[in-house]
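Here is a friendly briefing to read alongside the model. Please keep the 3D view open as you go through the points.

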Amino acid sequence: MIVIGLIALFILMLWLFRNITSPLRLLNKEMKLVTEQGFNRSNVALSHWRNDAKNEVHQLGVIFTDMMSHIERQFNQLQQVDSQRKTLLAEISHDLRTPLTSLYGYLETLQLNKSELTPEQEQVYIATALRNSCQLRQLIDQVFELAHIESGHVKVINERFNLVEVLYDIVEKFALKAQQHNITLVFEPETHYMMVESDLNKLERIISNLIDNALRHTPANGTIVLCALAINNGGYQVSVKDSGVGIASEELANIFNARFQASNSAKTSEQKNIGLGLTISQKLCELLGSQISVTSKLGVGSEFSFKLV
Ligand SMILES: Nc1ncnc2c1ncn2[C@@H]1O[C@H](COP(=O)(O)OP(=O)(O)OP(=O)(O)O)[C@@H](O)[C@H]1O
Ligand SMILES: [Mg+2]
């Protein structure tokens, strides 16, 4: 009887030993393999661990597999972002080269052929070189601005101000340009006193980008309306609405992507726009705790809006 009892106990211990140590050894082996592969699990076939409440080794195995899936997802995302960055950098370098080549060309001609140029020609060459350097500076400023925002080091400096006064100032800044293009630019506040707490410079930048876009995509005799409305749950909705060319519905989802320019894009011969304005505006809006949205119809116009609290 005692012998049978001892044999049963021995078998039980053996069973327990096998059930605990062999999965543990397997898990240990998988962990080591994945670590050796630099946490890249593509070359390691991980076991299918059961989410067994009674077996702690299996529970650990499930946690380990989840952790590896998480690392894999983040790694893939990083790779994707890295590849997008490389493309963006290549495209931006190309954009910068155009005004730089032109600037260099005009300065070189001025230096080599100065004696053959009339004073008028000389003035034209200097003016063109200046225009190109100005364009170059604008492009570089925009690239730096985007890089700075993406670095995560941008500080939001909130202050209380009357939104209406600020919007009037911005409209004033664009009044001459609108007049030159024969476009009516109006500001329609619901009331004249709308106190908000926000970052004034960032807000100005967002609205200026939107008005600049609206001016470039609205033909003569068109209208641009800047609007500020109180919203039900507090805060205000700011919108820039134009009667311009509009954006095709299939392109609308892409317009906030860096370097994306829709087929309607108003291209000037100088080509100083490189498709960063809306990306910057969207990121600035996020910093202000808001989200920019757009509705548009080809041939009718576009409306960009966001909320401020
Ligand atoms: N109000 C608008 N009406 C029609 N199309 C617009 C409007 N605003 C933006 N778009 C489209 O979205 C694209 C992206 O705008 P975004 O401001 O990012 O770039 P951009 O104005 O072309 O260049 P940048 O802002 O860098 O000078 C524009 O090229 C244009 O095709
Ligand atoms: Mg723009």
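H5 and H7 pack at an angle of about 150°, with their axes 9 Å apart; axes are lines fitted to C-alpha atoms, for helices over the stretch in contact, and angles run from 0 to 180 degrees between N-to-C directions. H5 and H7 are therefore roughly antiparallel to each other, given that angles under 35 degrees count as roughly parallel, over 145 as roughly antiparallel, 65 to 115 as roughly perpendicular and the rest as oblique. This is a predicted model, in which local features need pLDDT of at least 70, side-chain atom pairs count only at pLDDT 80 or more, and totals for chains, interfaces and linings use all residues. Residues are numbered from 1 along each chain as its sequence is written, chains are lettered from A and ligands numbered from 1 in the order in which they are written, and side-chain values use heavy atoms, with hydrogens and water left out.

**The H5–H7 pair**

- The crossing of H5 and H7 is left-handed; a crossing is called left-handed if the near helix is turned anticlockwise from the far one by less than a right angle, and right-handed if clockwise.
- On the H5 side, the contact (heavy atoms within 4.5 Å) is made by Lys-202, Arg-205, Ile-206, Asn-209, Leu-210 and Asn-213. H7 contributes Gly-277, Leu-278, Ile-280, Ser-281, Leu-284, Cys-285 and Leu-287.
- By class, the residues joining H5 to H7 divide into 7 nonpolar, 4 polar and 2 charged. Here Ala, Val, Leu, Ile, Met, Phe, Trp, Tyr, Cys and Pro count as nonpolar, Asp, Glu, Lys and Arg as charged, and the others, Gly among them, as polar.
- Helix H7 covers residues 277–287, and its buried residues are Gly-277, Leu-278, Thr-279, Ile-280, Ser-281, Leu-284 and Cys-285. Buried means under 20% relative accessible area, exposed over 50%, and partly exposed in between (1.4 Å probe, protein chains only).
- These buried residues of H7 pack against H3, helix H5 (200–216) and strand E7 (301–308).
- Just after H7, Gly-289 takes a positive phi of about 75°.

**Other helix pairs**

- Helix H4 (residues 163–180) packs with H5 at an angle of about 35°, their axes being 10 Å apart. The crossing of H4 and H5 is right-handed.
- From H4, the residues in that contact are Leu-163, Val-166, Leu-167, Ile-170, Lys-173, Phe-174, Lys-177 and Ala-178. From H5 they are Leu-200, Leu-203, Glu-204, Ile-207, Ser-208, Ile-211, Asp-212 and Leu-215.
- The contact of H4 with H5 has 11 nonpolar, 1 polar and 4 charged residues.
- Helix H2 (residues 56–112) and helix H3 (residues 119–151) pack at an angle of about 160°, and their axes are 8 Å apart. That angle makes H2 roughly antiparallel to H3.
- H2 and H3 cross in the left-handed sense, and their contact has 15 nonpolar, 6 polar and 4 charged residues.

**The whole chain**

- The protein chain holds 7 helices and 7 strands. Helices (H or I, at least four residues) and strands (E, at least two) are DSSP runs, numbered from the N terminus.
- Along the sequence the pattern is α-α-α-β-α-β-β-α-β-β-α-α-β-β.
- The radius of gyration of the protein chain is 31 Å, well over the 19 Å that the globule rule gives for 309 residues, so the chain is more spread out than a compact globule. That radius is taken over C-alpha atoms, and the rule is 2.2 Å times the number of residues to the power 0.38.
- Along its principal axes, the C-alpha trace spans about 120 × 60 × 35 Å.
- Of the 309 residues, 35% are buried.

**Residues to look at**

- Thr-65 is found in helix H2 and is buried, with a relative accessible area of 18%. Leaving aside neighbours within four places in sequence, Thr-65 is in contact with Arg-41, Leu-46, Ser-47 and Trp-49.
- Lys-86 is also found in helix H2, and at 56% relative accessibility Lys-86 counts as exposed.
- Asn-182, in the loop between H4 and strand E2 (184–189), has a positive phi of about 60° although it is not a glycine. At 46% relative accessibility, Asn-182 counts as partly exposed.
- Arg-259 lies in the loop between helix H6 (249–252) and H7, and its phi, near 75°, is a positive value in a residue other than glycine.
- As background, most residues other than glycine have a negative phi.
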